[in-house]
Amino acid sequence: MKQLILTVIGQDKAGLVEQLATVIASHQGNWMASNLSHLGGYFAGILQLEVSEEHVFALTTELERMSDLDIKIQQGLDSVIHPDKQLQFVITGNDRPGIVRELSSVMKHKGANIIHFESSKQSAPNWGVPLFHAIATVELPAGLNKDEVVKALEAIASDVVVDIEH
C-alpha cells in the first residue's frame, strides 16, 4: 500500500469533501487522517490516504482533474512517531504579528518537533485586545524536560500562558 499526502484548496462551497471522498473511494483509497478548514472563504486542508500500488496512477490522475480544488499530491514517507514523547501545549496570549514565529523559534531551539499546530485569534472584550490561542502537539527530544519548554515559551512575553494537556 502507498501513502499519499494531499494538500487541497478551493473556493468554499457545499459538497467539496463529498466530491473528494467519492474520488478516493472509487479508486479503493482509504482516507486515513485529515485536517480540513474554512479559512477566509476558502476550503483548505491536508489529508493522508492509503491506496494500493495498482490504483495510484488512476487515483492521482482523477484527483488532479478535479476542477473545484487545487490539489498537490506527495508520496508519504516512512516516519516513526513516538506518542510517549509527545505533549500537547495550550498557549494563550495577546495577539500580535510574529507570535507564531516566536513560539516556533523557541520550540526549534529546544529541539522539539511540532507534530500538529492549530491557532486562532479570539475576541476578548474584557482585555481590550484580541487573544491568540494555539494548541501545539510537540515531540520532545530525549532529555528535554517539559517544564523547560513551558518556561521558555512563557518567557516570550509576560502575557503568554502555557498549559499542558494530558
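Buried means under 20% relative accessible area, exposed over 50%, and partly exposed in between (1.4 Å probe, protein chains only). Keep those words handy for this tour of a predicted model, in which local features need pLDDT of at least 70, side-chain atom pairs count only at pLDDT 80 or more, and totals for chains, interfaces and linings use all residues. Residues are numbered from 1 along each chain as its sequence is written, and side-chain values use heavy atoms, with hydrogens and water left out.

**Stop 1: a charged pair**

Select Lys13, which is partly exposed at a relative accessible area of 42%. Helices (H or I, at least four residues) and strands (E, at least two) are DSSP runs, numbered from the N terminus.

The structure holds five salt bridges. Another of them joins Glu53 and Lys2, with the closest N and O atoms 3.6 Å apart. Glu53 is exposed at 53% relative accessible area, while Lys2 is partly exposed at 32%.

**Stop 2: helix 4**

Next, select residues 146-154, where Val149, Val150, Ala152 and Leu153 are buried. Look down the axis of helix 4: its buried residues fall within an arc of 165 degrees, so they line one face. (The arc is that of the directions from the helix axis to the C-beta atoms.) They pack against strand 5 (86-94), helix 3 (99-110) and strand 8 (161-165).

**Stop 3: the core**

Show Phe89, Ile91, Met107, Val138, Leu140, Leu153 and Val162, the residues with the most contacts inside the largest nonpolar core, which has 21 residues. (Such a core is a set of buried Ala, Val, Leu, Ile, Met, Phe, Trp, Tyr and Cys residues joined through side-chain atoms within 4.5 Å.) A second, separate core of 17 residues includes Val23, Ile24, Leu49 and Leu63.

**Stop 4: Glu139**

Finish in strand 7 at Glu139.

How values were computed
Contact = heavy atoms within 4.5 Å. Salt bridge = Lys/Arg side-chain N within 4 Å of Asp/Glu carboxyl O.
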